[in-house]
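Load the model, show it as a cartoon and keep the selection tool at hand. The stops below can be taken in order.

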Amino acid sequence: MGNPKAFLTVHRKEAGYRPVHDRIHDFGEVEQTLNRGDRQLQASRCMDCGVPFCHWACPLGNKAPEWNDALCRGDWELAYHLLSATNPFPEFTGRVCPALCEKACVLNLMSHEPTTNRENECAIVEYAFEENFVQPAQPVRNGKRVAVVGSGPAGLAAAYRLNRMGYHVTVFEKNETAGGLLRYGIPNFKLNKAIINRRIRLMEAEGVKFIYGCTVGIDNGQLIMENGSTEDGVADMSPFDAIVLASGTPVARDLNVPGRDLRGVHFALELLSQQNRILAGIEPDKDTRITAKGKDVLVIGGGDTGSDCIGTVHRQGCRSVTQIEIMPRPVEGPDDPQNPWPAFPRTLKTTSSHEEGCARQWNINTLEFLGTDGQLTGVKVQEIEWLPAKDGGRPVMKPKGHPEVIKAQLVLLAMGFLKPEHPQMPDNVFVCGDARTGASLVVKAIADGLRTAETVDHFIQASCQREQS
């Protein structure tokens, strides 16, 4: 513990965002960084608690007190090695994690000024890349082969861990490149895709093979290439010892109300993935281009995906943007009396995108999409209230007041995703990440990918022992 009294004299200091008038004109990352002196000062605030709730709350089990101590003493290399021992991709979580550790920080429970763990870990890993602390490993191979289907955070984590264990790992991805939700669901202003490319190059240098633009199936415990190939020919589809399914949650929750087929009503990921591809130089057909330029936009859904849509349509030049949510408005302030510690507080969240301008409404139900000549012109909505169910079950939705119409030429549905259903799988097939749990956090997907890799290793090792006996 570098300074046992720092938390008494040093206040929490965040790097903050670029000015709104500057950032809404580009897709560069909005979050700024502190200088290294201030970053080390922030790390010194960590109290190295006897019971580190941050470690307990982190799905990856990150040892924040240890790497904060190294950071505050200026030993950035040690801080990186301590951080990467539990987190394979701190450059991702350091940008998009909601920082469960900070909500559990004792300083947050005492004074609502937790240690800046998320920003600290991002600073540590970026410094590590700058100083070449991050070098490709060359694992000793064990001769066993594992296929990973899907290259989102869970698939990448499973591939990373299995490769480090010595397995020959091949990742199969239906899209044109790796990243999954990280690449196609999160805007560049939160996660620059060069960060993902850097990590993929490193994994390739360590021996992980990526096959893009392909779809695969499973037959009797083996992978079948349904379509796709590599530049140097068809992928090696000889038997794999195990298969990891990390295909995410591909089916978005729809809103089947009258007018759903009008032009101008889209799923959120249609917009987000298309915009990310455009920034990567992949232009869509004119007929399929989704743009908010000069339009009134309505985002249906109050979560992070909806927030990402708000930031995106601002950068596309929308005229106005409104976000509605069917659930009640969360409580303001750092504490949530209805969901106290140790549960995660369900409090009002104002993101960088909200700061850029957005009308927000809660307790709003969508009744109908309105249009003229097949084109969306507005959305009929109804204010509601939630009444407790007599049997203690799900609350009952009751209309309140009269329906209203929100003017909109573009609607983005950001209401979450349906949990995938899988048939009974052979013993050598393992499902992980959102494909197993349903939509969740990037950090939880990474953690599940790592756990699944351990399970795969135990399975293969046990199979080898049975063959030898």
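How many nonpolar, polar and charged residues are in the lining of the second largest pocket? By class there are 13 nonpolar, three polar and three charged residues. Here Ala, Val, Leu, Ile, Met, Phe, Trp, Tyr, Cys and Pro are nonpolar, Asp, Glu, Lys and Arg are charged, and the others, Gly among them, are polar.

Before selecting anything, note that this is a predicted model, in which local features need pLDDT of at least 70, side-chain atom pairs count only at pLDDT 80 or more, and totals for chains, interfaces and linings use all residues. Residues are numbered from 1 along each chain as its sequence is written, and side-chain values use heavy atoms, with hydrogens and water left out.

**Stop 1: the second largest pocket**

Select Lys103, Trp341, Ala343, Phe344 and Pro345; of the 19 lining residues, these are the closest to the centre of the second largest pocket. The space in this pocket is about 300 Å³. A pocket is an open set of points on a 1 Å grid over the protein atoms alone, where a 1.4 Å probe fits, with protein on both sides within 12 Å along at least five of seven lines; lining residues have an atom within 4 Å of a point. Grid points are joined across faces, edges and corners, and the volume is the space filled by probe spheres set on the points.

Now colour α4 (53-57), α8 (100-104) and α9 (106-111), each of which supplies at least two residues of the lining. The most comes from α8, with three residues. Helices (H or I, at least four residues) and strands (E, at least two) are DSSP runs, numbered from the N terminus.

**Stop 2: the sheet with β7 and β10 at its edges**

Select the open sheet of five strands in the order β7-β15-β8-β9-β10, with parallel pairing. Two strands pair if DSSP finds at least two bridges between them. Strands β7 (265-267) and β10 (359-362) are the edges, each pairing on one side only. On average, neighbouring strands are turned by 20 degrees against each other, direction ignored. Axes are lines fitted to C-alpha atoms, for helices over the stretch in contact, and angles run from 0 to 180 degrees between N-to-C directions.

Go to β15 (410-413). Parallel β7 and β15 are joined by three bridges, and His266 has Leu412 as its bridge partner in β15. Four bridges join β8 to β15, also in parallel, with Leu298 partnered by Val411. In a regular strand the side chains alternate between the two faces of the sheet. In β15, Leu410 and Leu412 point one way, Val411 and Leu413 the other way, and all are buried. Buried means under 20% relative accessible area, exposed over 50%, and partly exposed in between (1.4 Å probe, protein chains only).

Next take Thr322, in strand β9 (residues 320-325). Why does Thr322 count as buried? Because its relative accessibility is 12%. Neighbours within four places in sequence aside, Thr322 is in contact with Val297, Leu298, Val299, Cys358, Ala359 and Gln361. Contact means heavy atoms within 4.5 Å. Four bridges pair β9 with β10 in the parallel sense, and Gln323 stands opposite Arg360 in β10.

Helix α14 (residues 268-279) lies across β7 and β15, at about 70 degrees to β7. Helix α15 (residues 304-316) lies across β8 (296-300), β9 and β15, at about 175 degrees to β9.

**Stop 3**

Select the open sheet of five strands ordered β3-β2-β1-β6-β16, with parallel pairing. From one strand to the next, the twist averages 20 degrees. Show helix α11 (residues 153-164), which packs on this sheet, touches β1, β2, β3 and β6, and makes about 165 degrees with the direction of β2.

Zoom in on strand β2 (residues 168-173), where five of the six residues are buried. Strand β1 (residues 145-149) pairs with β2 in the parallel sense over five bridges, and Arg145 stands opposite His168. Towards β16, strand β6 (residues 242-245) is joined by three bridges in parallel; Leu245 has Val431 as its bridge partner.

**Stop 4: Gly248**

Finish in the loop between β6 and β7, at Gly248. With a relative accessible area of 19%, Gly248 is buried. Residues up to four places away in sequence not counted, Gly248 touches Pro420, Asp434 and Ala435. Draw a C-alpha to C-alpha distance from Gly248 to Ser151: the two are 97 residues apart in sequence and 9.1 Å apart in space.
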